[in-house]
Amino acid sequence: MKLTKFTYCNPDSDGDVRLDGTLVIENTSDFDVELVKISCTVVNSSDVTVGGDVNDDDNVFISPKSSEEIDLTVGWGFHEDAFEGNLDKITVLVEATTYKRDFVKIGSLEMPEVGELNMIKKNISLGGLAEIRGISALRKKNNEEGEIDLEIKAGFRNISDTHIERAQLSTRLLDQRDAEIESSVDYNPVPSKSAYLFQPGFWGIKAGKAKNSEIKFNSSIFVPMDTFTAEATATLAEDD
């Protein structure tokens with residue numbers, strides 16, 4: 001990883017200082033990178049923390065043996081007084097971790113009738129590291145507005161010794177013409193040898209619209225591959 005830019009702008013009328021950065025991450029592995037977690041700590045000339053930020057970038061895609069430029073988010077609300085009058089001695093400390101994605105199509109359920117429980121009765125393996133112990137969908141009585149009340153539960157278990165930074169369940173509700181009514185993406189970290197209960201929900205959907213609909217599921221886990229560290233001292237932005 002290389003920090004290709006880290007700049008500051010002179011304080012504005014309120015004394016606020018803007019910091020901007022760019023870094024390049026190289027993927028030396030044989031797998032696609034589909035998530036990067038970047039942590040930044042900003043220190044002043046006394047080497048004391050005055051800010052920072054943590055960002056999960058899941059829009060990134062880095063093919064094997066290639067690299068990608070990523071905008072660095074270092075935080076907001078920096079006031080000039082935090083830097084003791086030494087803007088050219090602002091330093092950023094950066095840690096980054098790249099993750100590969102294991103993806104599986106789970107399957108689908110028909111929309112249950114009121115009082116009915118529909119189930120996917122199988123264990124779904126994700127890369128041999130985790131499993132989903134089936135999925136249940138229980139439909140309760142419609143509410144007073146005629147909207148469905150649907151409880152979906154999917155038990156995710158990390159059966160490995162690896163920390164899973166992001167376990168993800170994607171749920172799509174499709175009408176009888178296969179048009180999407182609503183979708184959701186839920187995710188959470190799951191430590192080694194632990195579990196998490198996904199409970200995706202759909203709200204404000206009329207019973208008539210949900211008639212003969214289908215619920216589709218897929219899941220992903222993001223597993224760490226490489227870690228990087230870098231630091232840089234700020235320079236004055238060229239356009240300031």
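Student: Which residues line the largest pocket?
Tutor: Keep in mind that this is a predicted model. The lining is made up of D16, V17, R18, L19, D20, L72, T73, V74, G75, W76, G77 and F78.

Student: How does that lining divide into nonpolar, polar and charged?
Tutor: Six of the residues are nonpolar, three are polar and three are charged.

Student: And what volume does the pocket have?
Tutor: About 160 Å³.

Student: Which strands each supply at least two residues of the lining?
Tutor: β2 (16–17) and β3 do. Strand β3 covers residues 19–27 and pairs with β6 in the antiparallel sense, over seven bridges. One example: V24 has E69 in β6 as its bridge partner.

Student: OK, what sheet are those two in, and in what order do the strands run?
Tutor: An open sheet of four strands, ordered β6-β3-β1-β16, with mixed pairing.

Student: Which strands stand at the edges, then?
Tutor: β6 (66–72) and β16 (235–236). Each has a single partner strand, so one side of each has no neighbour in the sheet.

Student: Switching topic: A167. Where is that, and is it buried or exposed?
Tutor: A167 sits in strand β12, which spans residues 164–174. A167 is buried, because its relative accessible area is 0%, and under 20% counts as buried.

Student: What does A167 touch, leaving out residues up to four places away in sequence?
Tutor: F156, D186, Y187, N188, V190, F198, S220 and I221.

Student: How far is A167 from P189?
Tutor: They're 22 residues apart in sequence, and their C-alphas are 5.9 Å apart in space.

Conventions: Residues are numbered from 1 along each chain as its sequence is written. This is a predicted model: local features need pLDDT of at least 70, side-chain atom pairs count only at pLDDT 80 or more; totals for chains, interfaces and linings use all residues. Side-chain values use heavy atoms; hydrogens and water are left out. Buried means under 20% relative accessible area, exposed over 50%, partly exposed in between (1.4 Å probe, protein chains only). Contact means heavy atoms within 4.5 Å. Two strands pair if DSSP finds at least two bridges between them. On a 1 Å grid over the protein atoms alone, a cavity is a set of points where a 1.4 Å probe fits but cannot get out, and a pocket is an open set with protein on both sides within 12 Å along at least five of seven lines; lining residues have an atom within 4 Å of a point. Grid points are joined across faces, edges and corners, and a volume is the space filled by probe spheres set on the points. Ala, Val, Leu, Ile, Met, Phe, Trp, Tyr, Cys and Pro count as nonpolar, Asp, Glu, Lys and Arg as charged, and the others, Gly among them, as polar.
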